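Let's take a walk through this one together.

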Amino acid sequence: MSNIKSSLYNLRVLDDLARKETSIHLVHPLTKLLTTVVFLTVVLSFGRYEIVGLLPFFFYPIVIITVAEIPLGPILKRVLLAMPFIIGIGIFNPVFDQQTMSAFGLIFSKGWVTFLSILIKSCVCVGASLLLIATTGMDSLAAALRMLKVPKIFVLQLLLTYRYIYVLIEEISHMMLAYSLRAPRQRGIHPRVWGSFVGQLILRTFDRAQRIYDSMALRNFNGEYHTGKIDKNCWKDMVYLFGWCLFFIIARTNNLPMLIGSFITKVVN
Amino acid sequence: MHMADALLSPVVGGSMLAASVVVAAYSIKKTQNELDEKKIPLMGVIGAFVFAAQMINFAIPGTGSSGHIGGGMLLAILLGPYAGFLTMASILMIQALFFGDGGLLAYGSNVFNLGFFTCFVAYPLIYKWFTRKGISPKRIFWGTLISVVIGLQLGAFSLVLETLLSGKTELPFVTFLLLMQPIHLVIGIVEGLITAGVVAFVWRERPEILEKTSAGLPLGKVSMKKVLTGLSIAVVVIGGGLSWFASTDPDGLEWSVEKTGGTTELEASSSIHNVLADIQSKITFLPDYGFKTSESDNEVKATAQIEEVWPAVNTGTSVSGIVGGALTLVLAGLTGLIISLSKKRKEKATL
């Protein structure tokens, strides 16, 4: 139950955040989508032993979070929720790669290095995807997909799914509440009613789809979903895209922390 | 189980995305040709239904734990393979964007693992085979159960292959396989039983839903051939092209080169490679710091060489790395702090 309610809350939080009007929110959705894709590609192109070189890529989520005034809590929570699978697979690295390397007078296991590298990549990648939606919103993102020539049937489908998630999650939470009140101290739905419980919801869903179609047809639905007016890309958007891409390329081709570190150590010496 | 961005290399992620786009394009064409516009809202609402149904806990008798459904096969049975695949793709997109399940670069892999194998392999080859002589409760039960199990096994196998080709984990192939397949067998049996129960219920109450789907969407041999041909072309072209340009990342390609050619060295003799190396050397600043050459070497050559470089790291470089790394993080944090402070000041000034 709490899981269902919290999912609904999660969706709404990101939806609300996307309605803000900060300078990041005002950047063209297509520009933000492309920047995110470039960011992910560059981060994931790093080798498995890279840790230090990945650190400058924390700049991107941090700058977006602060400029777009996104609260850290909800984003961090989701990033952590996406972790178990990564940890589950990554934890085998230290087990299977027990070679060691020495640095700084200490012995490090290479397996732990690759594990840490995966964790860092996961943090920044999941964060970047969540920030994309938290600063853009589903409707604008759908408009960006249309601009990329994604067929309208898919975009429409995506938007309708998103729109009705709220309705159906509320419906299922009512059904779960009703069930749990009649089946106290039971973990989940009993196997005897697996089919009928979900089946009932399917039948209701089909009826609902019919009503939705009828009302859409009455409002002149012709296969197009109007997402509202989206302005064209302007020079500011280009600056945003190329600025970030330049940073990503520099951070990819130069080990920035190493440069800073060697500079500092030379100065100190 | 969703594939995650962090476990993928751009080459594998890009190839899987290309493969999924081909299947999606084919499905869109088929959906547009064969279905009325009534099906569009139905696909949308059913997608939302699967999302909601994934949140139901199903009690597994005798274990004290609970299971969930993935929904790929249920979608294929309710909507047919084409509309089912597209619906699964939109569910996965929402999961990636809002919940961080999977990721944008892993999107193609997830659509392929969870959508393609259920809708285009298990559904036509297993479920349709079981129900070829008409629908009955028994055929529904076995057809659904076995197709869900096989679909999930294929998806898990594909996930293992993608992870290993990406080269981010150290898990040996067989160990990873022995880890993933049995887990997904258990998950598959539970999901198969739930899905079978649901399909049987729908058939009992509203048989026309299933009859329409199975009658309206013939899956001929020719169309499957087309899908597979398109798929292989896309994977080869995009995968080949991407790996050519992404040679700075040795992971996936390196792995396959090592396995097929028996050598870990990549010859950096091509002209494009030289051009890229040249550009890189131009944009790399502060060239007099010793690590520049080893850095670009690492990128052009192989993972194996990076491995060789590792133990040779001297203390001076490590200190630089640790100091620089810490400073980078502090700088990143400070940037955030300064931006938010200046924003607050601006807000105060406007009040």
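This is a predicted model: local features need pLDDT of at least 70, side-chain atom pairs count only at pLDDT 80 or more; totals for chains, interfaces and linings use all residues.

Chain B has a mean pLDDT of 73, with 66% of its residues at 70 or more. As for the model's overall scores, ipTM comes to 0.85 and pTM to 0.77.

Now let's see what chain B is built from. Its secondary structure consists of 14 helices and two strands. Of the 351 residues in chain B, 49% are buried. Take the contacts in chain B with a separation of 6 or more: 78% of them join residues 24 or more positions apart.

One helix to pick out by eye is α5 of chain B, which covers residues 107–130. Follow it along and you'll come to Tyr123(B), where the helix bends by about 55 degrees. A proline, Pro124(B), follows within four residues. Most of α5(B) is covered, with 19 of its 24 residues buried.

Next, look at where the two chains meet. Here 105 residues of chain B are in contact with 104 residues of chain A. Which helix of chain B gives the largest share of the side that touches chain A? That's α14 (residues 315–350) of chain B, with 18 residues. Sorted by class, this side of chain B has 61 nonpolar, 33 polar and 11 charged residues.

Now for the inside. The largest nonpolar core has 163 residues, and those that touch the most other members are Val43(A), Ala52(B) and Phe85(B). Helix α10 of chain A, residues 152–182, gives the most to this core, with 14 residues. Let's zoom in on Ala52(B). Leaving out residues up to four places away in sequence, Ala52(B) touches Ile165(A), Leu168(A), Ile169(A) and Ile172(A).

Chain A itself is divided into domain 1 (1–149 + 231–258) and domain 2 (151–227). Their centres, taken over C-alpha atoms, are 31 Å apart. Where they touch, domain 1 of chain A puts in 12 residues and domain 2 of chain A puts in 14. On the domain 1 side, the elements giving two or more residues are α1 and α9 (138–147) of chain A, and α9(A) gives the most, with six residues. By class, that side of domain 1 has eight nonpolar, one polar and three charged residues.

You'll find Lys20(A) in the loop between α1 (2–17) and α2 (23–26) of chain A. Why does Lys20(A) count as partly exposed? Because Lys20(A) has 15 C-beta neighbours inside 10 Å, and a residue needs 20 or more to be buried and 12 or fewer to be exposed. Neighbours within four places aside, Lys20(A) is in contact with His25(A), Ala68(A) and Glu69(A). Lys20(A) and Ala68(A) are 48 residues apart in sequence, while their C-alpha atoms are 8.0 Å apart in space.

Methods. Residues are numbered from 1 along each chain as its sequence is written. Chains are lettered from A and ligands numbered from 1 in the order in which they are written. The bend at a residue is the angle between axes fitted to the seven residues ending there and the seven starting there. Two residues are in contact if their C-beta atoms, placed from the backbone, lie within 7 Å. Ala, Val, Leu, Ile, Met, Phe, Trp, Tyr, Cys and Pro count as nonpolar, Asp, Glu, Lys and Arg as charged, and the others, Gly among them, as polar. pLDDT is the predictor's confidence in each residue, from 0 to 100. A nonpolar core is a set of buried Ala, Val, Leu, Ile, Met, Phe, Trp, Tyr and Cys residues joined through C-beta atoms within 7 Å. Domain bounds come from an automatic or database domain assignment.
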